[in-house]
Amino acid sequence: MKTPLSVSVGVFILATLVTLTCADLDSTRSALLALREALGGRTLLWNTGSPPCSWHGVQCKNDIVVALQLPGFSLSAQIPPGIFKNLTSLKLLSLRFNQISGNLPSDLGLCTQIRSIYLQDNNFTGVIPEFFTQLKKIVRLNLANNDFTGEIPRSLRNLTRLKTLYLENNRFTGFLPELKLELDQFNVSNNKLNGTIPVSLESMPVSAFGGTKLCGKPLQICPGIAAGTGVFTRELHNKKGLSGGAIAGIVVGAVVAFAIILMILVFTCGKKKRKQTNAVPFSSINKQIEVDVSGEIPVRDGGDVGFSNGVASTAVPVNGNGRNIEEVDGGGVNKKLVFFGNGVGGKLFDLEELLRASAEVLGKGTFGTSYKAVTEIGTIVVVKRLRDVTISEGEFKEKVEVVGAINHENLVPLRAYYYSLDEKLLVYDYMPTGSLSAYLHGNKGAGRTSLNWEMRSSIALGVARGITYLHSQGSNVSHGNIKSSNILLTNSYKPMVSDLGLAQLVGPSSSSTPNRVNGYRAPEVTDLRKVSQQADVYSFGVLLLELLTGKAPTHALVNEEGVDLPRWVQSVVKDEWASEVFDIELLRDQHAEEEMVLLLEVAIECAAQYPGSRPSMSEANRRIQQLCDSTYKQADGFNPAMSGEIDDIASP
């Protein structure tokens, strides 16, 4: 039982906290109103009778202002001193696309929790103030398109977490200092800078230094260094006793060695290429399939192979309506290819034509091996040879016909199937562009296009639409195997979800048991044949994380701690470092970071550990659609969704 004294102390402490909180809110309100008054914020229609946390552009956490976003509000004049001393919990400040002038206020240096500052496209003047060195947590700093002067301070190197530094289109002078920072984004173009580009910035694009008098990589060689010579050659000249003949000998020797290595590579590649181009018809490996109890055909150095059903293949014609009435021969063996609709591109072919087609292995997945098959008439299809199918023929046909009836622009249509005791084949359209997995994790060379934010967000929306449509076909209809290798891309990069319903066709086996290292499977999944729609949502969430981070969830070690992708992302975001999870290729687009964070929030919710905490696919689809449409535009046409800000207060 509490004593009267303890109760009194508790009441006193509570009253004190309430008083302090009210005082903080009052000071915050006064600071924000003073800022609006000073900058002539006539477009800031704040309801002063409501709490500041409800005002447009003001974001709070636990009734404390952590973000101030006022882009494109026609704000002008100077920021008076004393504003930011009452906003010291700020993590994000965005005043871009206004006409604010004058020096940066010194009390901004009191905001030591700040992580992102966006002041581009204003009329700020003066030098970069020294107080920036106090902002140890800053990650993004954009001062572009202003009227800053003076030298770029060397002290910026103390901002060890800085990833973005945009200083272009100002009037900075002097040399560019060696910052020794791991920057993802950098630009000092159109300034009065001169001298040599520091080594740590040589990897930046040429455009980052345009309109300056800087020299060295990646620009032209600085005066005084002859073209075609480098540090190594100059050192050779400077070494005592090393003659010009010796240098020439070294150069000639290097050229000869390079030529020998090149010849070896050409010979080796040519030999491998000759080995890989021996196409083999499907029907040439009957015996191999008869003895291959695992259902997989070994890949012959990535070359072309074929398959057959292991029995004589008398062709049975297919009627134009997409169904065959006669389904078995006298021996009880199904020998027909059953089509849905009008076939592949309006073309029908029989089993014999398929068996004569040349083919190459595209990949081996959870449920079987996929082949690219080219018939004699030039029709190109994908044939999936299923393994571990233990359900009855009647149940197989029933489930396959459900899949064959599904029609959506973001779902790969099933064109035909074949069933016999020895073989179960599914025929699909061929997608020449390849899979999303190949684009995210394959060789970036060989002319392969990198997926930018516009492409990835469009892919996310297309996949969401396809799965949402699939789920709308019934509460018991699910995909069961959503992953990046099952997202195929058209020539216009439209995503097509493949392998619909295959999880319900296979039986339990060692090759298909759930494996958490796989990375996509929901924690509650114990039987691949019984995957719920909420499990699909989890897999979709992991797919979104893969799009955003560029990391493959199937990799055993996502990071040095060895945790899976959702847990790694959640740990980073929990520490309020959300921007650091994004793929570096996405960060090159400085106009989409806010949208990235919005999609990150959807991904984290979808990949929640407990099914009840996940949104439905229709809800996830709605939010992604809203994100892509960028519906929240400012009255002057400014679109914050394309602005490049980071919402640094995202939480899982």
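Predicted model: local features only at pLDDT ≥ 70, side-chain atom pairs only at ≥ 80, totals over all residues.

Trainee: What is the mean pLDDT of the protein?

Mentor: The mean is 75, and 70% of the residues reach 70 or more. The pLDDT is the predictor's confidence in each residue, from 0 to 100.

Trainee: Where does pLDDT stay under 50?

Mentor: Residues 283–334 stay under 50, and the model has 125 contacts for them beyond four places in sequence; a contact means heavy atoms within 4.5 Å. Over residues 509–517 the pLDDT is also below 50, and this stretch has 20 contacts beyond near neighbours in sequence.

Trainee: On to the sheets. What is the strand order in the mixed one?

Mentor: Its 7 strands form an open sheet in the order β1-β2-β4-β6-β8-β10-β12. Strands here are DSSP runs (E, at least two residues), helices are runs of H or I with at least four residues, and both are numbered from the N terminus. Two strands pair if DSSP finds at least two bridges between them.

Trainee: Which strands are at the edges?

Mentor: They are β1 and β12 (185–187), each pairing on one side only. Neighbouring strands of this sheet are turned by 15° against each other on average, direction ignored.

Trainee: How does β2 pair with β1, parallel or antiparallel?

Mentor: Strand β1 (residues 58–61) and β2 pair in the antiparallel sense over 4 bridges, with Cys60 opposite Val65 in β2. The hairpin of β1 and β2 has 2 residues between the strands, and Asn62 there takes a positive phi near 55°.

Trainee: And which way does β2 pair with β4?

Mentor: That pairing, with β4 at residues 92–94, is parallel over 3 bridges, and Ala67 stands opposite Leu92 in β4.

Trainee: Why is β2 described as largely enclosed?

Mentor: Of the 6 residues of β2 (residues 64–69), 5 are buried, so the strand is largely enclosed by the rest of the structure. Buried means under 20% relative accessible area, exposed over 50%, and partly exposed in between, with a 1.4 Å probe and protein chains only.

Trainee: What about the parallel sheet: what is its order?

Mentor: This open sheet has 7 strands in the order β3-β5-β7-β9-β11-β13-β14. Strands β3 (76–78) and β14 (213–215) stand at the edges with a single partner strand each, so one side of each is left without a neighbour in the sheet. The twist averages 20° from one strand to the next.

Trainee: Changing topic: at what angle do α8 and α9 pack?

Mentor: Helix α8 (residues 453–471) and helix α9 (residues 533–549) pack at about 175°, with their axes 11 Å apart. Axes are lines fitted to C-alpha atoms, for helices over the stretch in contact, and angles run from 0 to 180 degrees between N-to-C directions. The two helices are therefore roughly antiparallel, a label for angles over 145 degrees.

Trainee: Which residues make that contact?

Mentor: Among them are Trp453 and Ile459 of α8 and Phe540 and Leu547 of α9.

Definitions and conventions. Residues numbered from 1 in each chain as written. Heavy atoms only, no water. Parallel < 35°, antiparallel > 145°, perpendicular 65-115°, else oblique.
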